[in-house]
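Visitor: I am new to protein structures. Could you show me how to read one, feature by feature?

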Amino acid sequence: MRLIFLISLCLAGTAFAQTSQQEQRARDIGAQLRCVVCQNQSIEESDAQLAQDMRRVVREELATGASDAEVIERIRESYGDYVLLKPPVQSNTYVLWFFPAILVLLSLGWFLFRRRRETEPLAVETLSQSDETLLKSLMDDKS
Amino acid sequence: MSLRGLIPLGAFIMLLGALAFGLTRDPRILPSELIEKPFPEFALENLKGDAVLDTSILKDQVSLVNVFGSWCVACTVEHPQLMVLRDVPDLQLIGIDWRDTRDAANRWLVRNGNPYDLVVFDPKSKLIVELGVTGAPETFIVDKAGKIRYKHVGIITPEDWDDTLRPLVESLQ
């Protein structure tokens with residue numbers, strides 16, 4: 001039993017080592033592409049048949065000598081921006097990318113504005129002559 | 001009463017409105033990237049396996065390109081409508097047989113009738129992925145210049161044909 005385990009471990013090791021550089025590139029590309037029928041998985045993670053098809057297309061494209069960016073661009077031409085798991089920064093995604101930062105800045109500004117108003121020192125009032133004598137008499141009574 | 005207290009409530013209602021609008025949209029229907037673009041280049045065998053078809057089949061006539069497969073249940077539902085479209089003059093029906101075997105597809109077309117003028121055999125999803133197809137059935141309307149003008153996701157119902165597809169096809173003639 002232990003022997004079988006060791007042998008299978010060795011086999012797994014060689015299989016891992018045999019992952020070619022191209023296969024590694026294909027997996028990296030696949031991890032960036034959405035499986036369009038399963039919404040929230042990359043094509044590398046998904047078992048959907050369409051994901052399998054797309055994985056094969058990625059490998060075929062790489063085999064023709066295309067660069068990573070070219071392969072992604074080809075898939076994007078067919079399936080649109082939606083296929084990219086990381087949305088590109090472009091005019092229709094500015095709100096998506098920059099709104100959170102703007103929101104943080106606005107709330108920070110609001111917070112600072114409010115705090116400054118609250119910590120403004122109260123105007124110092126001087127006591128009138130009659131109050132002064134009243135206070136003095138009270139203090140004297142106590143002692 | 002100060003209206004400032006209503007600001008959070010107003011923001012909440014706006015958020016609610018945006019989310020409610022989001023619910024009315026079907027996330028499975030993707031906008032097609034290929035509208036107004038030329039049909040992707042391809043070279044695939046026909047279903048018989050005796051000829052290689054390419055984009056030249058789309059030249060000079062309006063085509064309805066329909067993605068189907070013998071495994072596709074919804075295609076069986078759609079099929080009677082395609083059989084009706086076979087008789088529409090000046091409209092070429094092209095089938096793309098997706099992820100299928102020749103035997104199964106031929107049997108399916110014998111059993112249900114063959115509405116297609118040409119059937120492109122795509123067992124390895126080559127053209128399918130180029131077209132950005134996510135499921136069958138899916139239909140493209142291609143004009144005489146070989147440009148994709150419309151994409152219909154799902155079954156073509158008689159209403160879809162009468163209301164959307166037929167006016168488009170007639171305008172392209």
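Visitor: Where does the kink lie in α5(B)?

Guide: First, note that this is a predicted model. The kink, about 45°, lies at L165(B) in α5(B).

Visitor: How many residues does helix α5 of chain B have, and what does it span from its first C-alpha to its last?

Guide: Compare the reach of a helix with its expected span. Here α5 covers residues 158-172 of chain B, 15 residues in total. The reach is 20 Å, close to the 21 Å expected.

Visitor: Now the strands. What is the order of the open sheet in chain B?

Guide: The order is β5-β4-β3-β6-β7, five strands with mixed pairing.

Visitor: How many bridges join β6 to β7 in chain B?

Guide: Five, and the two strands run antiparallel. Follow the partners across. E138(B) stands opposite V153(B), and F140(B) has K151(B) as its bridge partner. Five residues lie between the strands of this hairpin, and G146(B) takes a positive phi near 80°.

Visitor: How many residues does the contact take from chain B and from chain A?

Guide: The contact takes 14 from chain B and 14 from chain A. Next, sort one side by class. The side of chain B that touches chain A has six nonpolar, four polar and four charged residues.

Key. Residues numbered from 1 in each chain as written. Chains lettered and ligands numbered in written order. Predicted model: local features only at pLDDT ≥ 70, side-chain atom pairs only at ≥ 80, totals over all residues. Helix = DSSP H or I, 4+ residues; strand = E, 2+ residues; numbered from the N terminus. Expected span 1.5 Å × (residues − 1). Bend = angle between axes of the 7 residues up to and from the residue. Pairing = 2+ DSSP bridges. Contact = placed C-beta atoms within 7 Å. Nonpolar A, V, L, I, M, F, W, Y, C, P; charged D, E, K, R; others polar.
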